[in-house]
Amino acid sequence: MKQFDPNHIPGIYNWCDKWCERCHMTSKCYLYAQEQEDRAIMESDLDEDEKMEKMREKMIETMEMLSEAAEKFDMDFEEMEEEDEEAQEEAMHEHQITQIKIDIHPLSDLTEAYMKECMDWVKSKRQDPVFGPMLLGNLPEGINDQAEIEKLEKVIKHLESVQWYQTMIPVKCKSALNYLADKSFWDDFPVEERGYNGTAKVALICIQNSIIAWQGILFWANEEEEFILPMLDKLIQIKHMLEEEFPDAHKFIRPGFD
């Protein structure tokens, strides 16, 4: 059976922003290694049946590793499956109630509004002769001056950040609220290991990176001030709201990162 690579940091992928292309810790990440293996299989010269067989073998290996981990932590999957129907229905009902509470939480409303406005702005700029190419990671036509190229390459990175984090922010904020709904479970863990603090910390990092990105775009295109300033205000509101809801988020220690 395939063994875990000792160089991998357990669970490191739970506390990142999922942006592997910009991450300096990919060599320590089991999930990244698996994704690279999957890509290598799918891009290989094997025929489709052979590719599917390889993927099936990887799935079996993963299930065996999960089974071994379950035994290590004394988890009985069969017992979980045999849980009575009434208990399952009760758990499902509680889950639905939790999701409703999260959906109507002010933090969810604000982050969803931020995401929508970001997406609308990006969409409105796709046909722009300058913004359009840059939103796709390309320089506008006719740019030959090296200093201007370097400046625009920085702006392209800021635009990439805005687009990457626009969805991450609401997802991570809702995920943190979801963890918090099971607060009693996490009370047995030290503050720096509680899941809701970890996810909130990742959300705060996404927010801070977005603030930096919008400031960089504004510095280059001050004609966008009317749109960007309210977006920065929204991000600051989200940040304050998140810090109020999760006052110990900054104390969380992200394995491999902190």
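Trainee: Why is the contact between the side chains of glutamate 243 and lysine 239 called a salt bridge?

Mentor: In this predicted model, the N to O distance between glutamate 243 and lysine 239 is 3.1 Å, and a salt bridge asks for a side-chain nitrogen of Lys or Arg within 4 Å of a carboxyl oxygen of Asp or Glu, so the pair qualifies. Both residues lie in helix H10 (residues 225–245), four residues apart, about one turn of the helix.

Trainee: What makes glutamate 243 and lysine 239 count as buried, partly exposed or exposed?

Mentor: The relative accessibility of glutamate 243 is 23% and that of lysine 239 is 21%; buried means under 20% and exposed over 50%, so both values fall in between and the two residues are partly exposed.

Trainee: How do you know whether lysine 116 and aspartate 120 form a salt bridge, and where do they lie?

Mentor: Their closest N and O atoms are 2.9 Å apart, which is within 4 Å, and therefore lysine 116 and aspartate 120 form a salt bridge. Both lie in helix H5 (residues 106–125), four residues apart, about one turn of the helix. Lysine 116 has a relative accessible area of 51%, which is over 50%, so lysine 116 is exposed, whereas aspartate 120, at 40%, counts as partly exposed.

Trainee: What makes the pair of arginine 22 and glutamate 160 a link between distant parts of the chain?

Mentor: Arginine 22 forms a salt bridge with glutamate 160, the closest N and O atoms being 2.9 Å apart. Arginine 22 belongs to the segment before helix H1 (30–42), glutamate 160 to helix H7 (residues 146–180), and 138 residues separate them. Arginine 22, with 38% relative accessible area, is partly exposed, and glutamate 160, at 28%, is partly exposed as well.

Trainee: How many salt bridges does a search of the whole structure find, and which residues are linked in a network?

Mentor: The search finds 13 salt bridges, and Asp103, Glu112 and Lys174 are linked in a network of them.

Trainee: Turning to the helices, why are H7 and H10 called roughly parallel?

Mentor: Their axes come within 12 Å and cross at roughly 15°; angles under 35 degrees count as roughly parallel, so H7 and H10 are given that description. The crossing is left-handed, and in it Ile169, Cys173, Leu177 and Leu180 of H7 meet Leu235, Ile238, Leu242 and Glu245 of H10.

Trainee: What makes H5 roughly antiparallel to H10?

Mentor: H5 and H10 pack at an angle of about 155°, with their axes 10 Å apart. Angles over 145 degrees count as roughly antiparallel, and therefore the term applies to H5 and H10. Among the residues that make the contact are Leu110, Tyr114 and Trp121 of H5, together with Phe227, Met231 and Ile238 of H10. H5 passes H10 in a left-handed crossing.

Trainee: Which residues of the largest nonpolar core touch the most other members, and which elements contribute to this core?

Mentor: Of its 47 residues, Tyr114, Leu159, Ile169, Trp214, Ile238, Leu242 and Phe246 touch the most other members. The elements that give two or more residues to this core are H5, helix H6 (131–135), H7, helix H9 (195–220) and H10.

Trainee: Leaving aside neighbours within four places in sequence, which residues is tryptophan 214 in contact with?

Mentor: With those neighbours left aside, the contacts of tryptophan 214 include Tyr114, Cys118, Trp121, Val162, Phe227 and Met231.

Technical notes: Residues numbered from 1 in each chain as written. Predicted model: local features only at pLDDT ≥ 70, side-chain atom pairs only at ≥ 80, totals over all residues. Heavy atoms only, no water. Buried < 20%, exposed > 50% of the residue type's maximum accessible area, 1.4 Å probe, protein only. Core = buried A, V, L, I, M, F, W, Y, C linked by side-chain atoms within 4.5 Å. Contact = heavy atoms within 4.5 Å. Axes fitted to C-alpha atoms, helices over the stretch in contact; angles between N-to-C directions. Parallel < 35°, antiparallel > 145°, perpendicular 65-115°, else oblique. Left-handed = near helix turned anticlockwise from the far one by under 90°.
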